[in-house]
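The sequence and coordinates are shown first.

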Amino acid sequence: MSKSNRINKWLISGPPLLYLIIFFAIPSLIMAFAAFRFPEDYGGLLPLIGVNPDTGANELLVNAQNWRDYLTFENFGLFFTDSIYVELFAKSFWYAGITTLICLAMAYPLAWLIARSPKKYRDLMILLVILPFWSNFLIRVYAWMIILGPQGYFSMAINQALGLIGIGPVQLMFSHVAVIIVLVYVHLPFMVLPLYANLEKHDMALLDAAQDLGASGWQRFWKITWPLSLPGVWAGAALVFIPALGMFAVPDLVGGTDGIMIGNLIKQQFLDSRDWPFGSVLSIMLTLAVLLLAGMAALIGRGGKRNAL
Amino acid sequence: MHSKQSKWLWAAALLAYAFLYVPLIIVVVYSFNDSKLNAEWVGFTFKWYDMLFKNEQMLVAARNSLLIAIVTSVCATVLGTLAGLAMHKYKLRLLPLLVLTPIAIPEILMGVSLLIFFVMLNMTLGLVSVALAHIAFCIGFVAIVVRSRLQGMDESLVEAARDLGATPVQAFRLVTMPLIMPGIIAGALMAFTLSIDDFVITFFTAGAGASTLPLQIYSMIRIAVTPEVNAVSTLLMVLTLCLILLASKLAPSALRAE
């Protein structure tokens, strides 16, 4: 590469690179280090720079002798000794998993139908899927607060139906069901889009061939369409599962005390009980979970593609 | 032969569309309902919109949102376009990683790490910290849109310009730029909507210093469900709808890639 080319390369990639290092990479690294630090009395982090009582000057408090006083594994110990935290992680995985499965079940027929529709309608049908997703996330949660609330028509209808078969009224708001319904609602488009992108590319001749060879509708689906669509399924699953796992607003607004997830605990550590180091431990655990899942999805996705071909 | 099958498919698809739209329609309808409760329909009214425009806090929040979104979309578009160009042109390792990770991880992680960062720098949380955070997560979205536009561009046009004696800068300004402009504009609009809509990252980086519309909506709906929220939601939906339709007119392919 010539010298002027190298200069160009840095002129173009330098500014965004610098910005993201300062406002993404460094904060992430600080958070990772914070997990190994002691919390200050009033929350926050034990300062590394402070006033030396002897000299009265600001100086670095950490030195070769006392660095152990500033670093600890205790925060991680706390996470693993109290089963509450591990259970909350498990529950969040369960919520995100159920959400992903329901999204898949709802999105598949829709994506299939759009992919098989005449070309001139496809863009419109996809736009109709994306549009609600562009309305503010909180508005979409709020819409369900109206529906699920005890005065909402939906709640009343369900309770009337339950009343007919002799089951007492149920409260839909502030329940596990409410959390899952709303999580499905806010994430559904993320499942439809990659599935559609995949299904649209399928070669219909394969299905015709299978039919000529006597395959039934279900056989054609399970032996051809489904395996070919696995990359789309995995992409959609990752796009739904990962953000759902880190949610805090949905459980906060419709989950009540039973419905909280990891995100709520993280928020609580940073803003309410102000134990930043422990909050950082929880964030790191969530990051590790996400990395593990993304890695798995990439591996399985690749495997799925290979099997399908 | 396929008709029975497709009837079921249509039913499933219609249900999914209903599931997507009915809740939002309910919000819009109730915003005109002359009752304090989101239950029975009493009569038509504009009073919730009227109340909204007299709500000082709401107006300040709206102004903050708008200000942050404008600054964010300008800065994120410049940086994101550069990032998209760099990712298209050069083989880079670090930049794509830094551009794409903020999109892939749960938002709360970026929110809390920026909170620690700003507080450790002794920065007062407010409009500036929110804008800095928004730019960081919008760069990636702009970069993806711009890159997809570049990938669809015919390289030979640039080569032809170079053969005809254009300098690299001229070729970029006169050929590449106009060709990727729709992508850049779509990216800017996307950054604008992402910024105006963002709740999670704003929640952690705004402190007590700056309330935005989503923060205001959040604090309102945490306390009680009121028709005023229906009104602000409806307005926000209309605004986003306009921006999206504009973006899809300018760069339909870019929107679909999202």
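**Chain B as a whole**

The model is predicted. Chain B contains 12 helices and 0 strands, and its pattern along the sequence is α-α-α-α-α-α-α-α-α-α-α-α. The C-alpha trace of chain B spans about 70 × 70 × 30 Å along its principal axes. Of the 258 residues in chain B, 53% are buried. When contacts in chain B between residues at least 6 apart in sequence are considered, 70% join residues at least 24 apart.

**Helix α3 and its partners in chain B**

Helix α3 of chain B covers residues 56-89, and helix α8 of chain B covers residues 168-197. Their axes come within 8 Å and cross at roughly 140°. The crossing of α3(B) and α8(B) is right-handed. On the α3(B) side the contact includes B:S65, B:I68, B:T72, B:A76 and B:L85, while the residues on the α8(B) side include B:F172, B:I184, B:A188, B:F192 and B:I196. By class, this contact of α3(B) with α8(B) has 12 nonpolar, 6 polar and no charged residues.

A further partner of α3(B) is helix α10 of chain B, residues 213-223; the two axes come within 7 Å and cross at roughly 145°. Here B:Q57, B:M58, B:A61, B:A62 and B:S65 of α3(B) meet B:L213, B:P214, B:Q216 and B:M220 of α10(B). The contact of α3(B) with α10(B) comprises 6 nonpolar, 3 polar and no charged residues.

Helix α10(B) is largely enclosed by the rest of the structure, because 8 of its 11 residues are buried. Those buried in α10(B) are B:L213, B:P214, B:L215, B:Q216, B:I217, B:Y218, B:M220 and B:I221.

**Selected buried residues**

| Residue | Relative accessibility |
|---|---|
| B:T193 | 2%, buried |
| A:Q269 | 8%, buried |
| B:L213 | 10%, buried |

B:T193 lies in helix α8 of chain B. Apart from neighbours within four places in sequence, B:T193 is in contact with A:W134, B:T240 and B:L243.

A:Q269 belongs to helix α11 of chain A, residues 262-272. Beyond four places in sequence, A:Q269 touches A:R274, A:D275, A:W276, A:F278, A:G279 and A:L282.

B:L213 is part of helix α10 of chain B. Between B:L213 and B:A61 there are 152 residues in sequence, yet their C-alpha atoms are 5.1 Å apart in space. With neighbours within four places in sequence set aside, B:L213 is in contact with B:M58, B:A61, B:A62, B:S65, B:V232 and B:L236.

**The nonpolar core**

In soluble globular proteins, nonpolar side chains tend to be buried together. The largest nonpolar core of this model has 176 residues. Within this core, the residues with the most contacts are A:F137, A:V250, A:V254, B:I108 and B:F199.

Methods
Residues numbered from 1 in each chain as written. Chains lettered and ligands numbered in written order. Predicted model: local features only at pLDDT ≥ 70, side-chain atom pairs only at ≥ 80, totals over all residues. Heavy atoms only, no water. Axes fitted to C-alpha atoms, helices over the stretch in contact; angles between N-to-C directions. Helix = DSSP H or I, 4+ residues; strand = E, 2+ residues; numbered from the N terminus. Left-handed = near helix turned anticlockwise from the far one by under 90°. Contact = heavy atoms within 4.5 Å. Nonpolar A, V, L, I, M, F, W, Y, C, P; charged D, E, K, R; others polar. Core = buried A, V, L, I, M, F, W, Y, C linked by side-chain atoms within 4.5 Å. Buried < 20%, exposed > 50% of the residue type's maximum accessible area, 1.4 Å probe, protein only.
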